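Here are some quick notes from going through this one. Have the viewer open as you read.

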Amino acid sequence: MKFAIAVIQQASIVITMARQSPVFLQRDGGAHQQDSQSAEHVLAAAVALGIDRICYARYAAMRWGPDWTTQAHCRHEALDQIVRYCHDPEGLVDKIAVELRLAGRTQR
């Protein structure tokens with residue numbers, strides 16, 4: 001039980017840090033702050049929940065498309081999903097495993 005609480009606390013810290021870090025993108029010749037995070041922030045939040053980085057990257061590419069790392073709205077949706085599962089990391093791990101298995105993307 002203590003381990004589970006520690007994992008949730010660590011994940012909450014990583015997710016909070018990811019949400020507070022601004023990402024600046026060049027658009028129309030000027031810098032604009034976006035309400036999205038880099039792919040590294042998203043992957044770090046997934047790892048903090050105990051999800052294998054490579055598996056999450058495969059899942060994200062399948063769910064939001066192969067260019068999810070370059071699309072702000074995709075990264076935002078990915079981080080939102082991780083936040084929703086913050087208190088049920090095993091649920092997200094199971095969901096990802098099932099999705100990858102159904103897509104035939106798991107390695108045995």
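**Notes on a predicted model**

1. Start with the charged pair: Glu40 and Arg53 make a salt bridge, with 2.7 Å between the closest N and O atoms. The two residues sit 13 apart in the chain and join distant parts of it, Glu40 belonging to helix α2 (residues 39–48) and Arg53 to helix α3 (residues 53–64). Keep in mind that this is a predicted model. The structure has one salt bridge.

2. How exposed are the two partners? Glu40 is partly exposed, at a relative accessible area of 47%, and Arg53 is partly exposed too, at 36%.

3. Staying with α2, the buried residues there are Ala39, Val42, Leu43, Ala45, Ala46 and Ala48. After the helix comes Gly50, which has a positive phi, near 95 degrees.

4. Now over to helix α5, residues 89–102.

5. Which residues of α5 are buried? They are Pro89, Gly91, Leu92, Ile96 and Leu100. Looking down the helix axis, these buried residues stay within an arc of 160 degrees, so they line one face of α5. Their packing partners are α3 and α4 (72–84).

6. On the face of α5 turned away from that buried side, you'll find Glu90 and Leu102, both exposed. Just past the helix, Gly104 has a positive phi of about 75 degrees.

Note on methods
Residues numbered from 1 in each chain as written. Predicted model: local features only at pLDDT ≥ 70, side-chain atom pairs only at ≥ 80, totals over all residues. Heavy atoms only, no water. Salt bridge = Lys/Arg side-chain N within 4 Å of Asp/Glu carboxyl O. Helix = DSSP H or I, 4+ residues; strand = E, 2+ residues; numbered from the N terminus. Buried < 20%, exposed > 50% of the residue type's maximum accessible area, 1.4 Å probe, protein only. Expected span 1.5 Å × (residues − 1). Arc of directions from axis to C-beta. Contact = heavy atoms within 4.5 Å.
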